[in-house]
Amino acid sequence: MAKKKGKPAEIEEEIEYVSRTELKREAQEFHQLGSEIAKMGKKQRERLPLNDDLKEAMVVADKISNKSDAYRRHLNYIAKTLRTVENIEDIKAIIDVMLNKNNQAEVLVKKIEQLRSDLIEQGDSLINETIEQFPSLDRQKMRQLVRNAAKEVKAKKPGKGYKELFQYLKDAHTVTY
């Protein structure tokens with residue numbers, strides 16, 4: 001199959017040949033994208049700039065998701081509809097942003113866990129630095145939580161205090177971001 005470049009009025013047309021493998025790869029990408037959109041929740045899909053045909057197709061996909069063959073064929077229809085959409089790049093960009101938020105949340109959790117471990121090990125010196133960094137934290141409560149978590153870690157039974165310290169730090173991080 002060939003794609004034509006340039007204006008149709010030109011006598012000498014530049015033809016770009018596209019292999020069947022490349023066409024299949026494109027079709028598979030659209031199928032994967034349609035599948036991702038169909039798996040999303042209704043609230044997430046509302047944020048996507050889908051045209052009316054795709055919105056209706058997603059409603060049908062929700063209804064037949066438990067019927068495997070019909071669902072598979074419907075995903076093929078969604079992929080076919082996605083090929084004709086003009087704003088496909090916008091849709092992909094928004095999906096990437098939504099997926100990246102999950103990655104950012106994981107990074108934040110790891111950062112808070114590391115801060116909690118450092119606070120338990122280093123004590124007051126790091127507590128002072130943390131309070132300077134996050135002024136919404138209460139020094140007395142922070143010291144008490146760190147002390148309780150350190151006792152639990154020393155007893156090799158991290159429990160309530162360990163979790164409370166994490167939650168307190170998480171709340172402080174979400175206030176600043």
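Student: How do α1 and α4 lie relative to each other?
Tutor: This is a predicted model, in which local features need pLDDT of at least 70, side-chain atom pairs count only at pLDDT 80 or more, and totals for chains, interfaces and linings use all residues. Residues are numbered from 1 along each chain as its sequence is written, and side-chain values use heavy atoms, leaving out hydrogens and water. The axes of α1 (residues 20–39) and α4 (residues 68–84) come within 8 Å and cross at roughly 110°. Angles of 65 to 115 degrees count as roughly perpendicular, under 35 as roughly parallel, over 145 as roughly antiparallel and the rest as oblique, and α1 and α4 are therefore roughly perpendicular.

Student: How many nonpolar residues are in the contact of α1 with α4?
Tutor: Contact means heavy atoms within 4.5 Å. Residues of α1 including Phe30, Leu33 and Ile37 meet residues of α4 including Tyr71, Leu75 and Ile78. With Ala, Val, Leu, Ile, Met, Phe, Trp, Tyr, Cys and Pro as nonpolar, Asp, Glu, Lys and Arg as charged, and the others, Gly among them, as polar, the contact has 2 charged, 4 polar and 10 nonpolar.

Student: At what angle do α1 and α3 pack?
Tutor: Helices here are DSSP runs (H or I, at least four residues), numbered from the N terminus. Axes are lines fitted to C-alpha atoms over the stretch in contact, with angles from 0 to 180 degrees between N-to-C directions. The axes of α1 and α3 (residues 52–63) are 10 Å apart, and the angle is about 70°.

Methods:
Helix = DSSP H or I, 4+ residues; strand = E, 2+ residues; numbered from the N terminus.
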